[in-house]
Amino acid sequence: MNAPLHEASPTFDPLRARADFPLLTRSVHGKPLVYFDSANTSQKPASVIEAVDRFYRQHNANVARAVHALSEEATTAFEGARAALARFIGAASPDELVLTSGTTMAINLVAYSDLLPRLQPGDTVLVTQMEHHANIVPWQLVCARSGATLKVAPISERGELIVERFVELLTPEVKLAGVTHVSNVLGTVNPVRELARECRHRGIPLLVDGSQAVPHMPVDVQSIGCDFYAFTGHKMCGPTGTGGLWARRERLAAMPPFFGGGEMIREVRFSGTTFADPPHRFEAGTPNIAGFVGLGAAVQYLERLGMANVFARERELLAYATDALRSVPGLRILGEAPDKAAVISFLVTGAHAHDLATLLDLEGIAVRSGHHCAHPLMQFFGVPATCRASFAFYNTTGEIDRFVAALDKVRRLLV
Amino acid sequence: MSAKGPYRDIVLDHHRAPRRRGRLAPPAQSAEGVNALCGDQLRIEVRVEQGRVVAYAFEGTCCAIATATASLLGDRAIGGDADDLGALERRFAALVAGEIAEAAELGALNALSELARYPARRKCALLPFATLRAALRGEARTTTETPA
């Protein structure tokens, strides 16, 4: 880990951090906004917004193509963001980090470049019951092309992965396992180091979906010991359309290109093209340069706060909200893992999730309702949809009080 | 804007105490309306005699908007000409899209006009209309969700 979790600083001031987010001062339907949808996308601090603005005002040019000053500045800023991100997740080198549009593209890259060429009929890919569609559908697509199949490791009623069943399912025909670090619906933190060890012993590559982990806790990809780590920028205070795939240099070097185009080549001839080394081999076309400059600023911002502080603050909010929600009659929380991120999925007897979310919106409170891109998990719990309140360090206990009072009020309208 | 948005009292009343909930004795035409992304599942049964809707019933698991609309639609459809329901559906679609303010022929269904401000929830109110249309056309199943 970058910093042990217990090293939260007593001087961290969450209210000062909240003041860094301009959007959080606005009103919705005439009421001060309560933004409890950070697991969907986080809000952005002023430093990130300003970094994007400054890039377009002062440095805008394409990267790695021209020799003029602006292009050098843009390239330096873009590669600087890569280096900052790589350091942030504990990569050994920036060369181990492919910049992608987000987790979805990162997983698709692994599916088509690493996995598909190896897949044979009869092979399998192992995922868990709690995966986001982004860690299911790409594998289904490459399975369909190759005659391989997907198999699913079960979870408990409390929303925890049943680790011994996962390990039993790591049979020789499994060519890759994909597991989320933190469930976007349940908040469950999976024991990814243990899972990585079990996979490694059997020579099975493990991909970890870190979308909900990197924004909320210190992450060190090398100490996890997985083969691939995918994450997204927009949930960690960065712009949309940014993210990354981490893998060790030799793993990336063995992977053929996925997208072809400019930027990813060494020399193009009609008789044959040679490709750039990783990570640029996987970055065809002009990237989201301003977005990554913004993500670099987000990393700086989060490092200044300290991820141990972010983690500790969000656990406080989770405990406070979990306790406060007990007062709402008919409320049931899905996901009761002891190691849980600040995400609360809930149902209220007699009230549909979308009705609750629409009525909460009228109170100025933004929560997500629906299937959260996790149909199989909804099927496991036998529900069509849930409401989900997800917290970030910039939220407050006062907002949780308003949320719980509003929830009780709207529940009375519906039930 | 109302403090309760699309959840006016009449809507909440039809959600809590839906009219004509259940099944019809045969003969009846029926269809299922399913919005899988929302999780709404609706079954509407209807009997038409000499061009007139003489019986209507619905059941299912739906949000308050869909349930109330299904209930209000039954009130409106009974005794009317089945051939007029297509025009009624187009008027209602225009209402929830914000293209018209109110329409006399919609009666109590005008209570859902606030949906003009909630584009994501329009499909909930349109589901009963689409399901009734499917039942009248002899189609087994319909949806108001675009494939995602």
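In chain A, 27 residues of domain 1 are in contact with 30 residues of domain 2. The structure is a predicted model. The domain assignment gives domain 1 as 14-45 + 306-409 and domain 2 as 49-303, and the C-alpha centres of the two domains of chain A lie 27 Å apart.

**Domain 1 side of the contact**
- On the side of domain 1 of chain A that touches domain 2, the elements giving two or more residues are helix H11 (307-325), strand E14 (343-348) and helix H13 (375-381).
- H11(A) provides the largest share of this side, five residues.
- By residue class, this side of domain 1 of chain A divides into 16 nonpolar, five polar and six charged residues.

**Helix H2 (residues 46-59)**
- At 1.5 Å a residue, the 14 residues of H2(A) should span 20 Å, which agrees with the 19 Å between its end C-alpha atoms.
- Val48(A), Ala51(A), Val52(A), Phe55(A) and His59(A) are the buried residues of H2(A); they cover an arc of only 100° around the axis, and therefore lie on the same side of the helix.
- An α-helix has 3.6 residues a turn, so residues three or four places apart point the same way.
- The buried residues of H2(A) pack against helix H3 (69-88) and helix H10 (289-305) of chain A.
- Exposed residues Arg57(A) and Gln58(A) are carried on the face of H2(A) turned away from its buried side.

**Asn395**
- Asn395(A) is found in the loop between strand E17 (386-390) and helix H14 (397-414) of chain A.
- Asn395(A) has 26 other C-beta atoms within 10 Å and is therefore buried.
- Beyond its neighbours within four places in sequence, Asn395(A) is in contact with Phe36(A) and Leu317(A).
- Tyr35(A) is 360 residues from Asn395(A) along the chain, and their C-alpha atoms are separated by 7.6 Å.

Notes:
Residues are numbered from 1 along each chain as its sequence is written. Chains are lettered from A and ligands numbered from 1 in the order in which they are written. This is a predicted model: local features need pLDDT of at least 70, side-chain atom pairs count only at pLDDT 80 or more; totals for chains, interfaces and linings use all residues. Helices (H or I, at least four residues) and strands (E, at least two) are DSSP runs, numbered from the N terminus. The expected span of a helix is 1.5 Å times one less than its number of residues. A residue is buried if 20 or more other C-beta atoms lie within 10 Å of its own, exposed if 12 or fewer, and partly exposed in between; C-beta atoms are placed from the backbone. The arc is that of the directions from the helix axis to the C-beta atoms. Two residues are in contact if their C-beta atoms, placed from the backbone, lie within 7 Å. Domain bounds come from an automatic or database domain assignment. Ala, Val, Leu, Ile, Met, Phe, Trp, Tyr, Cys and Pro count as nonpolar, Asp, Glu, Lys and Arg as charged, and the others, Gly among them, as polar.
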